Structures are given as C-alpha cells and as structure tokens.
Amino acid sequence: MSKPATHRADERRFLDERGSSGPLAPNGLNPATIMEKAVRERIIESYFYKEQCFGVNEADIVDRVVEHVHFIGGVYGTVQKPTPFLCLAFKLLQLAPGDDVLDEYLRFGGDKFKYLRALAAFYIRLTRPDKDVYARLEPFLEDRRKLRRKGRNGTSLTYMDEFVDDLLTKDRVCATSLWKMRKRDILEDLEILEPRVSPLGTLEDLLEEEEEEGEDAVMQSGDEPNGNGHGGDDSGSVRSRSRSRTTRSPAASGSASPSPRERSDHDRMDIDVPEGQR
C-alpha cells in the first residue's frame with residue numbers, strides 16, 4: 001500500500017532539496033538561491049508567509065494577490081519586514097509555474113489585478129532568459145496604471161511602466177539582486193531580438209518633426225508685424241540707426257569740446273612731476 005502524499009509545514013525543505021540536485025530555472029539559476037539568504041530567512045519566519053502561503057497553488061496565488069497585495073516592494077520598516085509581494089514571489093519560486101500560467105497572470109487587466117501583473121513580471125525577470133524577459137515585459141512599458149511602492153523610506157507612488165523599466169535596466173529591485181542580462185542592443189546585433197519600435201516613433205522621425213516645427217516657427221515670426229505697420233525683417237533699419245549713432249559728432253551728442261584751459265590741465269596730469277613740486 002502506497003504512502004499518501006503529505007505536505008510538510010517546514011518551508012526550509014525547499015531550500016535543502018533545491019540546494020544541489022533540484023531542477024534549475026529556465027535561465028539556469030537555482031530558484032532556492034535567487035534571493036539573498038537574509039531575505040529568505042525573513043520571508044520564511046514572517047507571519048504572512050506562514051499563514052497565507054502554506055499549501056497554496058498557482059490558482060490560489062491570484063486570490064492572495066487580490067486580497068493582500070496593495071503595494072510592491074521588498075522589505076519595509078525598521079525591522080525590514082518582508083512585504084506580501086515579496087513573500088508571494090518567493091512562493092512562486094517554489095511552485096515554478098509554466099509559461100502558460102504566467103501568460104494568464106499577465107493577461108489580467110484592470111486595477112483589481114495590476115499587482116498580479118507586477119508579480120508575474122518580477123518573477124519572469126528572476127527566472128527567464130534575457131530574450132524571453134525582453135519579449136514578455138516590453139509590451140507593458142505602455143501600461144500607465146498607478147502602483148504603490150513601499151520600502152524602508154515609506155510609501156511612494158510609481159507606475160507599471162516605470163516598474164517594468166526598472167526590471168529591464170536596474171540591478172536591484174524589491175530587495176533582490178537581479179541577475180545581469182545582456183543589453184538589448186547586443187541581442188539585436190546577435191539577431192536574437194528584432195529592433196524595438198517605440199510608439200513615439202524612431203529617432204529620425206522625432207528629429208524631422210523638430211526641424212519642421214522650427215521652420216514653421218521661423219516662418220510665423222517673419223509674418224508678424226514689426227511695430228511700424230510693415231511686415232518682414234527690420235534688421236536693416238536697426239543697423240542703420242545704430243550706425244548713425246556711432247558716427248554722430250560730439251556737438252550733436254550734447255557734449256561740448258574741452259576748452260584750452262581744460263586741455264592744459266589734462267595734459268599736465270600726464271607729465272611725471274616730482275612729489276615736492278605738486
């Protein structure tokens with residue numbers, strides 16, 4: 001008679017079994033050691049993890065996120081308490097959901113499931129190869145939904161696209177050191193990824209639009225009146241007026257020519273005279 005399967009309450013078994021001979025994640029990393037040891041210890045000892053993450057499956061993760069996850073982050077407070085977001089991410093490392101489950105997580109929309117999408121994106125960044133990370137996460141750079149972020153310095157406001165951009169560009173997110181991916185331009189040079197086209201257009205298109213806007217501004221400024229009832233450029237009249245002011249005689253400018261006595265006093269000041277005779 002076969003022994004019925006049991007579920008052990010000690011979550012440290014996951015760390016022991018995956019320490020050496022357990023299957024690796026798709027990117028070749030050991031899921032049990034992706035997070036730092038200190039963070040793993042805080043997660044396992046936290047009350048939320050013991051109460052809400054015991055015996056859950058991939059479907060239960062959706063309910064836990066909707067009910068308990070109201071902000072993203074790693075640890076918070078003076079005691080560095082792990083967030084429910086980070087606890088559920090560690091639980092996903094144990095469950096190791098497949099790509100079909102992750103696609104369902106990402107597909108959910110609306111404010112009710114926005115933290116589920118953030119959790120799935122974070123897990124994909126931890127466990128998938130760089131090609132899959134770019135292909136799966138870049139479409140969500142257009143997601144403008146608001147997210148709350150909680151850390152050691154308190155709570156702040158961010159957006160889904162900013163969080164995804166952090167996952168693609170930064171080395172540490174949510175108290176977790178991310179494995180170093182190859183840059184996107186390197187993958188494009190290796191023809192692993194196709195060049196990404198931004199919704200704003202290419203750089204050449206943006207430069208052409210700026211040049212056209214500059215030309216339109218110059219043409220509009222040339223059609224405006226110059227204050228004398230005439231259009232066009234009045235730089236010639238300005239130059240002529242400035243030239244007439246520079247060639248005006250001293251008498252016309254209002255300053256009289258110095259008298260002979262003043263000239264003699266002025267010339268005397270230029271001569272070196274001993275101090276005793278001054």
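1. Thr176 is buried, because its relative accessibility is 0%. Buried here means under 20% relative accessible area, with exposed over 50% and partly exposed in between (1.4 Å probe, protein chains only). Thr176 sits in strand β6, residues 176–177. Strands (E, at least two residues) and helices (H or I, at least four) are DSSP runs, numbered from the N terminus.

2. Which residues does Thr176 touch, beyond those up to four places away in sequence? They are Ile34, Met35, Glu36, Leu86, Phe122, Leu126 and Asp171. Contact means heavy atoms within 4.5 Å.

3. On provenance: this is a predicted model, where local features need pLDDT of at least 70, side-chain atom pairs count only at pLDDT 80 or more, and totals for chains, interfaces and linings use all residues. Residues are numbered from 1 along each chain as its sequence is written, and side-chain values use heavy atoms, leaving out hydrogens and water.

4. The largest nonpolar core has 53 residues. Such a core is a set of buried Ala, Val, Leu, Ile, Met, Phe, Trp, Tyr and Cys residues joined through side-chain atoms within 4.5 Å. Phe85, Phe122 and Phe163 have the most contacts inside it. Helix α7 gives the largest share of this core, ten residues.

5. Phe163 touches Phe85 and Phe122, among others. Its list also includes Ile72, Ala118, Leu147 and Arg149, again without residues up to four places away in sequence.

6. The chain has 13 helices and six strands. Of its 278 residues, 34% count as buried. Among contacts with a separation of 6 or more, 64% join residues 24 or more positions apart.
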